[in-house]
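Please look through the sequence and the structure shown here before reading the briefing that comes after them. The points are grouped by topic, so that each can be checked against the picture.

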Amino acid sequence: MDIKKIYNEKGFVIIKNLIPEEKILNVRSSLELFKRSNKYYYTQSNHTWVRSSKVSKKGYLIDSIQTPTKQKNCGNLKLAVEDTISCTQISKILETISGEKEFINWQNMLFDKSTGTLDHADTWYLDTKPRGEMIAAWIALEDIHVDAGRFFVYPESHKLNIAENINNKIKDHYEYAKFINEYIQKHNLKKYAPRLKQGDVLFWHPFTIHGSWNQKSEQYSRKSLTAHYHPVGAQRMDSAENQ
């Protein structure tokens with residue numbers, strides 16, 4: 001498989017069974033201990049601090065964890081996530097895609113269940129300067145059931161010339177989400193929600209439009225990690241929200 005060619009043509013590439021099982025099980029067991037610790041953590045879901053005991057009826061964290069690798073309260077979970085997102089298997093794929101050998105993880109998130117993510121392109125929020133050198137990864141920590149709220153992408157959407165993604169005309173996140181939704185409808189873009197299994201990783205381009213569905217059934221968790229990387233030495237673009 002020509003990984004770089006697929007990434008460049010489609011705006012994403014899926015690598016099956018990339019993450020070793022022991023790393024995944026370490027994250028999952030650390031997550032269960034963290035939920036029982038009743039410690040505070042910062043969540044991306046609503047940008048506030050919540051208790052790790054705040055779980056659904058099925059025992060899943062209701063809110064995602066924003067960059068657990070920077071949160072000391074996450075304890076062993078912090079270390080387990082670090083070990084997974086910085087593993088040699090991911091580094092080799094990043095190098096294959098970009099040609100660069102060393103990367104910095106800019107941001108990461110952990111999901112116990114799907115919180116739903118509106119369709120968007122990362123470059124509006126964070127990217128390199130010049131844009132397009134950031135690479136993101138979605139890591140399946142379990143087999144993702146169709147009713148769990150799967151991650152999806154719009155193939156080849158990274159090739160679209162969407163001026164609103166690279167200027168500061170849109171200031172508000174909700175206004176941007178509305179714009180992208182209308183753009184998708186107007187241009188009849190088609191989403192692709194692959195069936196990802198434990199250890200699979202989907203790498204995508206910062207211009208690629210993507211998102212995730214909410215749970216269709218509260219029975220199913222969607223244990224997963226996302227991580228955003230850029231080459232060492234790359235400059236960072238200010239987010240559109242701060243321009």
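This is a predicted model: local features need pLDDT of at least 70, side-chain atom pairs count only at pLDDT 80 or more; totals for chains, interfaces and linings use all residues.

Residues are numbered from 1 along each chain as its sequence is written, and side-chain values use heavy atoms, with hydrogens and water left out. Helices (H or I, at least four residues) and strands (E, at least two) are DSSP runs, numbered from the N terminus. The word buried stands for under 20% relative accessible area, exposed for over 50%, and partly exposed for values in between (1.4 Å probe, protein chains only).

**Helix 2**

- Helix 2, which covers residues 21-37, has 17 residues and reaches 24 Å from its first C-alpha to its last, close to the 24 Å expected at 1.5 Å a residue, where the expected span is 1.5 Å times one less than the number of residues.
- The buried residues of helix 2 are Lys23, Ile24, Val27, Ser30, Leu31, Phe34 and Lys35.
- Seen down the axis of helix 2, these buried residues fall within an arc of 140°, so they line one face of the helix; the arc is that of the directions from the helix axis to the C-beta atoms.
- An α-helix has 3.6 residues a turn, so residues three or four places apart point the same way.
- On the face of helix 2 turned away from its buried side, one finds the exposed residues Glu22 and Arg36.
- The buried residues of helix 2 pack against strand 2 (40-43), strand 4 (65-66), helix 3 (76-85), strand 5 (103-111) and strand 8 (135-140), and contact here means heavy atoms within 4.5 Å.

- Six strands form an open sheet in the order 1-10-8-12-5-4, with antiparallel pairing, where two strands pair if DSSP finds at least two bridges between them.
- Strand 1 (12-15) and strand 4 stand at the edges of this sheet, each with a single partner strand, so one side of each is left without a neighbour in the sheet.
- Strand 1 and strand 10 (residues 201-204) run antiparallel and are joined by 4 bridges, and Ile15 stands opposite Val201 in strand 10.
- Strand 11 (residues 209-214) is joined by 4 bridges to strand 6 (residues 115-121), the two running antiparallel, and by 3 bridges to strand 9 (residues 151-153), again antiparallel.
- His210 in strand 11 stands opposite His120, and His210 is also the bridge partner of Val153.

**Nonpolar cores and cysteines**

- A nonpolar core is a set of buried Ala, Val, Leu, Ile, Met, Phe, Trp, Tyr and Cys residues joined through side-chain atoms within 4.5 Å, and the largest one here has 35 residues, with Leu77, Ile90 and Phe203 having the most contacts inside it.
- Apart from that core lies another, of 16 residues, among them Trp124, Met134, Tyr154 and Tyr176.
- How many disulfides does a search of the whole structure find? The search finds 0, a disulfide being a pair of cysteine sulfur atoms within 2.5 Å.
- Cys74 is in no disulfide, and the nearest cysteine sulfur, that of Cys87, is 19 Å away.
- Cys74 is buried, with a relative accessible area of 3%, and Cys87 is buried with a value of 4%.

**Loops and backbone details**

- Leu141, in the loop between strand 8 and strand 9, is buried, with a relative accessible area of 2%.
- Leaving aside its neighbours within four places in sequence, Leu141 is in contact with several residues, including Ile24 and Val27.
- Most residues other than glycine have a negative phi, and most peptide bonds are trans.
- Asn38, in the loop between helix 2 and strand 2, has a positive phi near 60°, and at 33% relative accessibility Asn38 counts as partly exposed.
- Asn188, in the loop between helix 5 (173-187) and strand 10, has a positive phi of about 55° although it is not a glycine.
- The peptide bond from Lys129 to Pro130 is cis, with omega near 5°, and Pro130 lies in the loop between strand 7 (127-129) and strand 8.
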